[in-house]
Amino acid sequence: MAAIRANEEFCIGCRLCEVACMAQHSACKDLVKALRPGRPRPLPGTVVEWEGHRSVSISCRHCEDAPCVTACLTGAMHHREDGRVEVDREQCVGCWTCVLVCPYGAIRRGEDGHVASKCDFCPGRERPACVEACPNRALTLEVEA
Amino acid sequence: MRALHHVIIGNSAAAIGAVESIRAHSPRDQITVISEEGEHCYSRPLISELLAGHVTLERMRYRGPAFYEERGVKAILGRRVVALDRDVKAVTLDDGGYVPYDRLLLATGSEPVIPSIDGLEGPGVHTFNSLADALALAKAAAGARRAVVVGGGLIGMKAAEALHHLGLRVTVVELAARILSSAFDQAAGRIMAERAAVAGVEIVTDNAAAAVQRRLGQVTGLALVDGSELPADLLVLAVGVRPRAGLAREAGLEVDRGILVDERMATSDGSIFAAGDVAQGPEMITGTRRVLPLWPIAHRQGRAAGMAMVGEPSGYAGGVSMNSITLFGLPAMSAGLLAPEPGDLELLAAGPDAGHYRKVIMREDRLVGALAVGQVDRFGILTGLLVDGRPCGFLRDRFSEPLTVLGLPPQARAERLRV
Amino acid sequence: MTTYTPLRSYLPPRFRVYRDDARCIRCRACETQCSFGAQRYDEEDDLLLADDGQCVGCHRCEALCPTRALRIEPNPSAYRENANWTSRDIRNLNRQAETGGVLLSGMGNDRPYPIYWDHLLLDASQVTNPSIDPLREPMELRTYLGSKPDRLEFADGRLATALEPQLMLEMPVMFSAISYGAINLNVCKALAMAASQMGIRWNTGEGGLHEDLYRYGQSAIVQVASGRFGVHLDYLETASAIEIKIGQGAKPGIGGHLPGEKVNEAVSATRMIPVGSDALSPAPQHDIYSIEDLRLLIFALKEATRYTKPVSVKIAAVHNCAAIASGIARAGADIIAIDGFRGGTGAAPTMIRDNVGIPIEFALAAVDSRLREEGIRNRVSLVVGGGIRCSADVVKAIALGADACYLATAALIAIGCTLCQQCPTGKCAWGIATNDPLLARRINPEVAAERLVNLLTGWEMEIKEMLGGMGINAIESLRGNRLRLRAIGLTDRELDILGVLPAGQ
């Protein structure tokens, strides 16, 4: 299964990955329209974290043996057919047990207080939006040989 | 090798974990699930959401409607196992039914502890452990105005929150000096209690139920051991749970508080396994065997048991206590120990608001306990470090804020960034 | 005791930041990317605000803005037009009045002196000597830099003459000297990677050779400059050639200058100087006070490396460079590198950068002619640099007499440089002329190397097209072939010096 590699050496902290993710997961995919100030925007699935001058963008690893899937109280967190880990938004109740167990801290509490928010690996795209948007190849797609 | 017949007593987190891992490794083996409850497997922790009206019955389902059929699982629902014959390797049901097994999983869960006080018989007194309990309580709450919840643990507090949401006036009576004592420490418990009080739920600590007061058969109040009385027309008993290990005890398996199992979830009988609330299995911090009645642990143990039942290694080394709860809008999480032991280092941070509190407990350089109220973002990074068991000296300067992967020491960081 | 506040600047901002609020999505990329403090996010009002006074016109924010909401423009509030006292003059006078210091700039001379490449035009075949199609026929761009013997002798059908060490280049360009410290390791790696991949060379400049770059030693030319920064035996042994730097085009007559802000731990270790100290190379090499001294150093280096590596001598293009070059050739150099007055730099006094030196076109023509007249042209290869902008410049340079061209500014532009000339500050927002780890990571060597390889690949094809158009299939046939050039808009004197006929003749 292909995976996103985050290279902390070359992340420039521009957060264009977050912008691209939010645009991709908005109803209207146009960058300007989707992210107009004042309009509600989805939480990005990849988030840039900082330590001094270093930065890197962290997203869900779509683990085969995902602790969040095991821990999920409602069965909302599950593996899709393509192997990716996905949140069933209708089923999630916002207990945050997934946030409790994810060792990458890759799951965020949705602002509505209900739905766990994380990377869904951009279903339908050839390459995740964050990887395409990164101007310095700090996010690359590792495919199996 | 011929196909095995796996029998699972129970239909909750552990049972489903076992079903899934057995089926993942063996398309041919037979699986039978026997459950006292008549429903499709459901998320037990959601009963408080159901009570509050936040979820429908439909959403309570833990897996898809065709779960059993899809996996070729025979589900005997609404039947209780009354006897276990280890020599013959078979269980007997309450309707006389007889089910032989090659491997047996006891995932019978836990049952509520009922305090031995007067006046319990009759309407108006409810336990809060099952879907049936929740439906009954919801119905009773519709016509009630004042409720008293006996027990300020996780179950009691969630019940109290739900009843409050339904418009009842609620008082919680807790034996210990603090609420949520199984999951949070003194300081966190106090913050959560204050939050509940601000929301309008009364918390009474250092007290216990003495007797149920009735008039004309209806509940009118609860007398407490200190002599005071709380008016009420509805009582919820949530003082604790205990493993439902009766069958195992009668069958002569090694049972302490729960059914004793190793890291393969195997009991003292090589063909019998136990998982979930009923099991007493390896706990990673104390290195002893403990009952960890928590949904994620139960499911993980069920998976480990299933692997062992088909003869596969599961890589399960044990569990740790871990909790995530949101009460009256305030989230809180904990993992591992709640209090330091002699020699441990306990580091606390509070603020900036009254509702924020974070704590870690270090043993030498190992993280053995972590807790956060309010600022719970990315708590899983702490849980991961606790489970890893590797040196975490850097936490001393970092624990008061959510962690980052970048802030971890090089080896831990490299492992997490590796593809 | 009266205390005085620092002098207030009278200068308006040089640039204005225009932001289209309808397109701005408050992503704050401009804020993170601006290293000069010109962009700021106001949390309370949810607005991005610009401080024009800090903007240096590097366009980094504009390039990374995901919605193209930004426009960086020269400040339209200009002074009243004055052909003698331009805005530039007014600004420079004010800055010196405020600071009392030497005006410092980065990159090369930006004044409007004539560009002689643009007065030279190439030939193309028409009826006789038909063109060659580079897509269908083999073309040889490979060239060898080094001393060529006076005559060749053969025995048994094999070459009997011993050859001096040569540098084989797959195309007639190399990356010129850019010192580690002026740029960071990521840029050095990119240059080294691209040079290796394209079969050319890169030059360490006077920054020494960082240990991570030793693996690219085979494609490196190491410099021995007046400060002798980082010069030790391994340094010399690892490289494929050694270059003695007498001068550089951006600042003839003075030495290299790396401001102390840019000397961090790694730069300090590589250059062998204290952290934070200004690395000011002496103006002359203090052991070279005559051409004989130069000969001594050339042969000392050859002895130290057992005559296995060509030794190059780099000079700035100045008035008497023909005579100087002749001396250098006779002193035993294998390669002479001439750097014209457009040459770039990490830091140079503006007055020197803009007023000292001569155009490379003249220097090249003069040196090539002089060496040919003296019958010693074969003793050295000539490499020229200083504002080579495109493949046409390369072809013209070769026709004028060069063996190869040195590229530096062009390479940096290819990886992002926008010539904002702020190199001496060490705050390069493109992550090139800075060692600040926050900024240096903006150059991912793999990305930059890919861009450089793309650039050279494009130029390689273009050179082949131009050669083929002239009916030439080997670069050696173009060298010094001034008849393939014609000039437009030049005086007779200029034509004479360049040795080129006017168009129409």
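Predicted model: local features only at pLDDT ≥ 70, side-chain atom pairs only at ≥ 80, totals over all residues.

Entry one, chain C against chain A. With that cut-off I looked up the pairing and found 19 residues of chain C in contact with 17 residues of chain A. On the chain C side, the elements that give two or more residues are helix 1 (29–33), helix 13 (437–440) and helix 14 (445–469), and helix 1 of chain C gives the most, with three residues. Sorting the residues on this side of chain C by class, I have eight nonpolar, four polar and seven charged.

Entry two, chain A against chain B. Here I found 27 residues of chain A in contact with 33 residues of chain B. On the side of chain A that touches chain B, two or more residues come from each of strand 1 (3–6), strand 2 (46–51), strand 3 (54–59), helix 3 (67–71) and helix 4 (97–101) of chain A, with helix 4 giving the most, namely four residues. By class, I recorded 15 nonpolar, six polar and six charged residues on this side of chain A.

Entry three, the domains of chain B. The domain assignment gives domain 1 (5–111 + 242–309), domain 2 (125–239) and domain 3 (329–417). Taken over C-alpha atoms, the centres of domain 1 and domain 2 of chain B are separated by 30 Å, and I found 10 residues of domain 1 of chain B in contact with 14 residues of domain 2 of chain B. Helix 2 (residues 47–52) of chain B gives the most to the domain 1 side of this contact, with five residues, and the residues of that side divide into six nonpolar, one polar and three charged.

Which of its residues are buried? I noted C:Leu294, C:Ile298 and C:Leu301, and these lie on the same side of helix 7 of chain C because they cover an arc of only 65 degrees around the axis. On the other side of this helix, C:Glu292 and C:Glu303 are exposed. The buried residues of helix 7 of chain C pack against several elements of chain C, among them strand 13 (220–224), helix 5 (233–238) and helix 8 (321–330). Lastly, I noted that the helix is followed by C:Arg306, whose phi is positive, near 55 degrees.

How values were computed
Residues numbered from 1 in each chain as written. Chains lettered and ligands numbered in written order. Contact = placed C-beta atoms within 7 Å. Nonpolar A, V, L, I, M, F, W, Y, C, P; charged D, E, K, R; others polar. Domains from an automatic or database assignment. Buried ≥ 20, exposed ≤ 12 C-beta atoms within 10 Å, placed from the backbone. Arc of directions from axis to C-beta.
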